[in-house]
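Hello,

Here is the structure we talked about handing over. Please open it first, then read my notes on the charged pairs below.

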Amino acid sequence: MRTAQVSRNTQETKISVSLNLDGTGQSKLATGIGFFDHMLDQIARHGLIDLEITAEGDLHIDGHHTVEDVGITLGQAVAQAVGDKKGITRYGHSYVPLDEALSRVVVDFSGRPGLAMDVNFTAGMIGALDTQLVFEFFQGFVNHAGVSLHIDNLKGHNAHHQCETIFKAFGRALRMALTPDPRSAGVIPSTKGCL
Ligand SMILES: [Mn+2]
């Protein structure tokens, strides 16, 4: 089973993440930011990842530390659960629509952190989530999961829809990349021999 449990405590946030990459999409999420929980739920559901996240952050300041640090901790947990990457598909991509909105997410478990995000949210806040923090979440994830991640919102005028298509497509892309490739069992999917 590809599982991990990571706790990360700073003076700004206390976060614990436990996950099973080979799950069924069960989730238990409590970050203190309702819309953020709704987005993390999309990763679990559409990534078929069992995911439990609790975060106690300094929300009396704003959501920045909480959202960024959940990204960091989730990235650490994914890296731990993936291990040496033997037999994984490595690349994953997905297009996800929701009514008028459409996003594309492409991921590579390359071992090299890189984020390219082209998203223009049409609102500054979605519920209690500052849309600027979506970038901070993914930057934290990318740095610690060691992935290249390309996120494009191609269409959309409702910010809730824009954001939800991004997180759903991210979940689907993760699922594809992390699914074992039976034709490549036990093999690290790189001519370099390591990732
Ligand atoms: Mn929704």
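**Salt bridges in the model**

E164 and K168 are both buried. This is a predicted model, so please read every value below as computed from it. The side chains of E164 and K168 join in a salt bridge, with N to O at 3.2 Å. Both sit in helix α4 (residues 159-178). They are 4 residues apart there, which means about one helical turn separates them.

How many salt bridges does the structure hold? The count is 6. Two others are described here, the D152 pair and the D84 pair.

D152 and R104 meet through their side chains, again as a salt bridge, at 3.2 Å from N to O. D152 belongs to strand β10 (residues 148-155), and R104 belongs to strand β6 (residues 101-108), so this pair ties together parts that lie 48 residues apart in sequence. Is D152 buried or exposed? D152 is buried, at 17% relative accessible area. The cut-off for buried is under 20%, so D152 falls inside it. R104 has 26% relative accessibility and counts as partly exposed.

The D84 pair is next. D84 forms a salt bridge with K86. Their closest N and O atoms are 3.7 Å apart. The limit for a salt bridge is 4 Å, so the pair qualifies. D84 is partly exposed, at 43% relative accessibility. K86 is partly exposed too, with a relative accessible area of 48%.

Best wishes

Note on methods
Residues numbered from 1 in each chain as written. Predicted model: local features only at pLDDT ≥ 70, side-chain atom pairs only at ≥ 80, totals over all residues. Heavy atoms only, no water. Buried < 20%, exposed > 50% of the residue type's maximum accessible area, 1.4 Å probe, protein only. Helix = DSSP H or I, 4+ residues; strand = E, 2+ residues; numbered from the N terminus.
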